[in-house]
Amino acid sequence: MLLGLLGAPLLLVGAGLALAAGPDDVLMGKETPIEQGAAYSTPEAFAFDRLPVTVRVEAMGETYVGVGNPVDVLDVVEGTRAVEIARTPLTRVSGVAGSGEQVPDASQALWWEEKVSGSGTQELTVTLTGEPVAFLAASRDGTPIKVAFGYRIDGIFAVSLGIAGFGALLLIGALVLLLTGRRERPEQRQPPRPVPYVHPTHPTGHPAPPRPPAAGLYRRLGVAAGVGVLTFSLAGCSIPVAVEVEQVSKVSLPDDDVSAVIREWSERSDEAIEANRRGKWKAEEWGQAASGPTLAMFQAATVAAQGAGSKQRPRTFEVHAGRSWSVRLDEYPMWAVVEINGGGRRSPLAIYEQQDALSPWTHRGEVKVKASAIPTPVEGAAPVAAAEAKRVQDVADRIEAYLGEPQGIEGVAGLKKLRALRREMDAYVAELGVDTVRTTAEPFDETGLRMVQTPEGVLAMPEFTVDSIVGGQGEEWEWNPPYDRFRSQAGKNLSIRTAVTVAVLVPEDGDASVLGVEYGEIPGARVKN
């Protein structure tokens with residue numbers, strides 16, 4: 001009887017697991033229709049270590065399924081109608097659908113850790129390592145899909161067959177013992193002994209309490225479970241372990257991706273240059289390769305060249321990436337500093353940014369810095385401590401005040417580089433024969449101060465807009481016609497706006513140092529992207 005009670009659950013469990021897993025060792029859940037055309041998982045849904053996950057997506061057309069950093073995946077599905085999977089799907093997919101637009105096609109994104117795409121059914125198998133991840137399964141055109149999740153445990157099919165076989169042997173042994181048990185001989189039988197009557201000790205009128213179930217059944221089930229776990233362990237099957245979800249973040253531009261990003265950007269930059277040759281003047285095309293101060297300066301230069309009838313032929317150029325300085329961020333936009341054409345006496349440190357997970361990288365600004373003054377990059381990304389960030393912000397505020405009203409700044413070296421803009425503006429005003437009414441400075445936009453930690457200190461790249469109001473004469477006056485399309489006039493006065501990007505190094509001890517300054521005129525209305 002004991003063998004039968006132990007063998008029956010082993011046979012049932014082993015046979016059930018073998019049928020569910022199959023020869024490929026994958027326990028696959030039921031396919032779930034997703035009318036919205038996309039389903040994604042949150043980091044909490046797959047917070048496991050050593051868990052091989054299989055995701056299967058099926059649709060009539062092109063489909064893809066990938067796993068990546070949650071920062072990227074969640075940015076793609078934000079504001080869309082994709083179905084959110086917040087819990088680990090064991091049997092079928094369930095979640096809450098969004099109410100936005102169709103999920104954009106992310107099948108060609110470069111940040112996927114692993115991805116498969118193609119026509120019809122696609123299947124992706126990855127082994128989780130405890131790091132935060134998110135899955136996205138979708139059709140490329142938004143048509144409905146079917147999604148199923150499975151879990152691969154190497155050797156589970158063979159082990160399940162072994163457990164079922166062992167349970168079957170125990171059952172067979174129990175039957176054999178039951179059928180072939182020895183019968184007692186008549187002469188060996190003993191007469192039954194009388195059992196003395198024991199008076200119940202319970203109070204009169206109260207029945208005895210029921211006997212608890214025999215502990216033997218629980219022991220047998222526990223033994224069966226222990227045998228299963230021991231067999232899995234001895235067979236080498238890895239058992240997944242739940243982990244605590246960490247704060248999701250990503251390195252903005254990994255070193256391995258820098259060359260590919262700059263090469264792809266260079267191609268788009270050449271296209272924008274071609275679109276702004278003489279006779280074309282498509283200033284809006286700069287938006288495919290530039291943003292922020294660079295976009296504003298390029299657009300202003302195009303308008304000025306068109307107004308002046310410039311015959312100069314712009315040249316395309318080949319860009320090579322040197323060292324890079326990245327940051328770790330938990331949301332888009334991403335940005336990084338890249339050394340362009342490194343090795344010379346003065347190397348441009350360029351800011352590149354990516355507005356969202358599917359947007360291309362654009363050139364935001366650059367500053368030429370002496371090669372000997374460029375700080376050393378940190379592998380990966382080193383965070384800037386809160387106290388240091390506050391100190392850097394204080395330095396940026398003092399530089400902003402200096403651009404508006406040049407006065408001495410304590411604790412900042414290299415102010416001579418900042419004076420160049422004021423000297424150039426004073427010379428221009430003198431040439432026009434007018435006066436400088438006032439000069440004000442403010443941050444270029446609201447995207448915040450960009451700073452990155454280095455061994456020498458914090459490298460910061462603050463950006464400003466300097467507004468020079470000139471005029472003040474007794475009567476209205478004319479200004480250079482090529483600029484009248486983007487300069488703002490108010491009565492006697494004229495507003496000339498300039499974008500300024502500064503590279504400054506703030507060491508842990510000692511004064512901050514201005515490494516370089518770049519500036520150029522921009523349209524009267526600030527460019528906010």
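Author: The side chain of Arg-364 makes a polar contact with the side chain of Glu-463 at 2.8 Å, and another with the side chain of Glu-353 at 3.2 Å. A polar contact here is a pair of N or O atoms within 3.5 Å, where, within protein, one must be able to donate a hydrogen and the other to accept it, and where residues adjacent in sequence count only if both atoms are side-chain atoms. The model is predicted, with local features needing pLDDT of at least 70 and side-chain atom pairs pLDDT 80 or more, while totals for chains, interfaces and linings use all residues. Residues are numbered from 1 along each chain as its sequence is written, and side-chain values use heavy atoms, leaving out hydrogens and water.

Arg-364 is found in strand β18, residues 362-370, and it counts as buried because its relative accessibility is 0%. Buried means under 20% relative accessible area, exposed over 50%, and partly exposed in between, with a 1.4 Å probe and protein chains only. Helices (H or I, at least four residues) and strands (E, at least two) are DSSP runs numbered from the N terminus.

Leaving aside residues up to four places away in sequence, Gln-122 touches Val-55, Arg-56, Val-57, Thr-63, Val-65, Val-116 and Ser-117, a contact being heavy atoms within 4.5 Å.

Helix α2 (residues 70-77) is largely enclosed by the rest of the structure, because six of its eight residues are buried. These are Pro-70, Val-71, Asp-72, Val-73, Val-76 and Val-77, and what covers them includes β3 (38-41), β5 (62-68), β10 (134-139), β13 (250-251), β15 (328-329) and β16 (334-340). At the start of α2, a side-chain oxygen of Asn-69 comes to within 2.8 Å of the backbone nitrogen of Val-71, and the helix is followed by Gly-79, whose phi is positive, near 75 degrees.

A cavity is a set of points, on a 1 Å grid over the protein atoms alone, where a 1.4 Å probe fits but cannot get out, and lining residues have an atom within 4 Å of a point. Grid points are joined across faces, edges and corners, and a volume is the space filled by probe spheres set on the points. By this rule there are two cavities of 30 Å³ or more. The largest holds about 50 Å³, and its lining includes Pro-43, Phe-46, Gly-130 and Glu-244.

Among contacts between residues at least 6 apart in sequence, 74% join residues at least 24 apart.

Note on methods
1 Å grid on protein atoms, 1.4 Å probe; cavity = no way out; pocket = protein on both sides within 12 Å on 5 of 7 lines; lining within 4 Å.
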